[in-house]
Amino acid sequence: MTDTSADLVILGGGSGGYACAFRAAELGLSVVLVEKDKLGGTCLHRGCIPTKALLHAAEVADNAREGDQFGVKSSLAGIDMAGVNSYKDGIVGGLYKGLQGLAKANKVTLVEGAGTFVGPNTVEVNGQRYTGKNVVLATGSYAKSLPGLEIGGRIITSDQALNLDYVPQKAVVLGGGVIGVEFASVWRSFGAEVTIIEALPRLVPSEDEWASKQLERAFRKRGITFKTGVRFSGATQTDTGVQVSLESGESLEADVLLVAVGRGPNSAGHGYEEAGVQMERGFVLTDERLRTNLPGVYAVGDLVPGLQLAHRGFQQGIFIAEDIAGQNPRVIDEAGIPRVTYCKPEVASVGLSEAQAKEKYGAGVETYLYNLAGNGKSQILKTAGGVKLVKAPEGPVVGITLVGERVGELIGEAQLIYSWEAFPEDVAPLIHAHPTQNEALGEAFLALAGKPLHVHG
């Protein structure tokens, strides 16, 4: 390989880009990986990892505050945000160092700088051109705002929220999706008064309606206020706060307004459209094998329409590397990608919701709800929630949704069940360790197979 050519040139070093780079290198391909910021991208530095560190700190705060219910005399003296941020940044820093080591070990050529795709198979960085037999576009996404709503000062996105050096006394969260409910959960655990504004009729609107109701019930119990089916109309900030206006005429006062209205594709300024890449609303369009309309040019991750999840991009990156290497990997089933919202309680799902299943299969879709009140480990943890199974008519289970603390750790088994296209009778004989929350899945499948045990009513 010369300094300017490789088997594969990747524009973007986030989850999709670096996974593609490492897997391609393992398969003997020469790789140039271009990244303008830090290897690891949004997930590692401004997304998944730091937010989950905050959520764990929030869990510790709740445990300290609620120790009496376990017979432990404890209290919460306060939140030291400098200490929280140090803990968070230490995790990110350690993982970042590990990624840099992996890049070096895999002999991936890292190029620092903002890259532009100049086509047909070339990326330009700081005046230098890098040509690949194949090119992968992996520039990720950015935190969106609304028209006329300028980010700055006390109006922030998740990027700024991750680095706040104080806990707001009052916070308004604009958006009741994953990012919004996670930050609402953190701030409430840290002692803030939180109000969520969601234009759609329910929180986490992309999840099964049952899960939304479970989460809303839990949030009410925690003292998190939310207003659904209400639209935002404007915000005015001063040196001391933000006044948030709603189309209903209501006005809310807060220390900060978190704008959590989703993420947009980070495609502008990278030359995609100019080079002839087919696009729609800023997204790069691909076929099921992640190929764009240009020969030898692929796209991966949040840049491609669909779920904006780091593990989706990660797997897509591996898929592209293996496809280029001639291994003919199996096409990724988008519905089979596990989804987790890490608030308190967690919401985890894979496959179809009940509404999606009925739309696909029509009448005859079966559902079963198992309440965590019947699960010993969940009672030990003092968490409410449940398991919902969705079964196709005369067919396998096509959707699994879980609500409760720590249920994100159960979604791996749920994904295997979904991908296996298992019938309830296939799963019911499997033994689940006691006492674990995994038993809740086992009990749900026992019941749907016609032999319920720890079920009341």
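Student: Which residues form one aromatic cluster?
Tutor: Tyr18, Phe22 and Phe314 form it. This is a predicted model, so local features need pLDDT of at least 70, side-chain atom pairs count only at pLDDT 80 or more, and totals for chains, interfaces and linings use all residues. Residues are numbered from 1 along each chain as its sequence is written, and side-chain values use heavy atoms, with hydrogens and water left out.
Student: How many aromatic pairs does a search of the whole structure find?
Tutor: Three. Rings of Phe, Tyr and Trp (its six-membered ring) pair if their centres lie within 6.5 Å; planes under 30 degrees apart are stacked, over 60 edge-to-face, the rest tilted.
Student: What about the rings of Tyr18 and Phe22?
Tutor: Their centres are 5.4 Å apart and their planes are at 50 degrees, so the pair is tilted. Tyr18 and Phe22 sit four residues apart in helix α1 (residues 15-26), which means about one helical turn separates them. Helices (H or I, at least four residues) and strands (E, at least two) are DSSP runs, numbered from the N terminus.
Student: And how do Tyr18 and Phe314 pair?
Tutor: Edge-to-face, with 6.2 Å centre to centre and 70 degrees between the planes. This pair links distant parts of the chain: Phe314 is in helix α8 (residues 310-324), 296 residues from Tyr18 in helix α1.
Student: Why does Tyr18 count as buried?
Tutor: Because its relative accessibility is 16%. Buried means under 20% relative accessible area, exposed over 50%, partly exposed in between (1.4 Å probe, protein chains only). Phe314 has 34%, so Phe314 counts as partly exposed.
Student: New topic. What is the volume of the second largest pocket?
Tutor: About 820 Å³. A volume is the space filled by probe spheres set on grid points, joined across faces, edges and corners. On a 1 Å grid over the protein atoms alone, a pocket is an open set of points where a 1.4 Å probe fits, with protein on both sides within 12 Å along at least five of seven lines; lining residues have an atom within 4 Å of a point.
Student: How many residues line the second largest pocket?
Tutor: The lining has 29 residues, and Lys344, Lys382, Thr383, Ala384 and Glu405 lie nearest the centre.
Student: Which helix gives the most to that lining?
Tutor: α7, with six residues. Elements that each supply at least two include α3 (48-65) and β22 (366-371).
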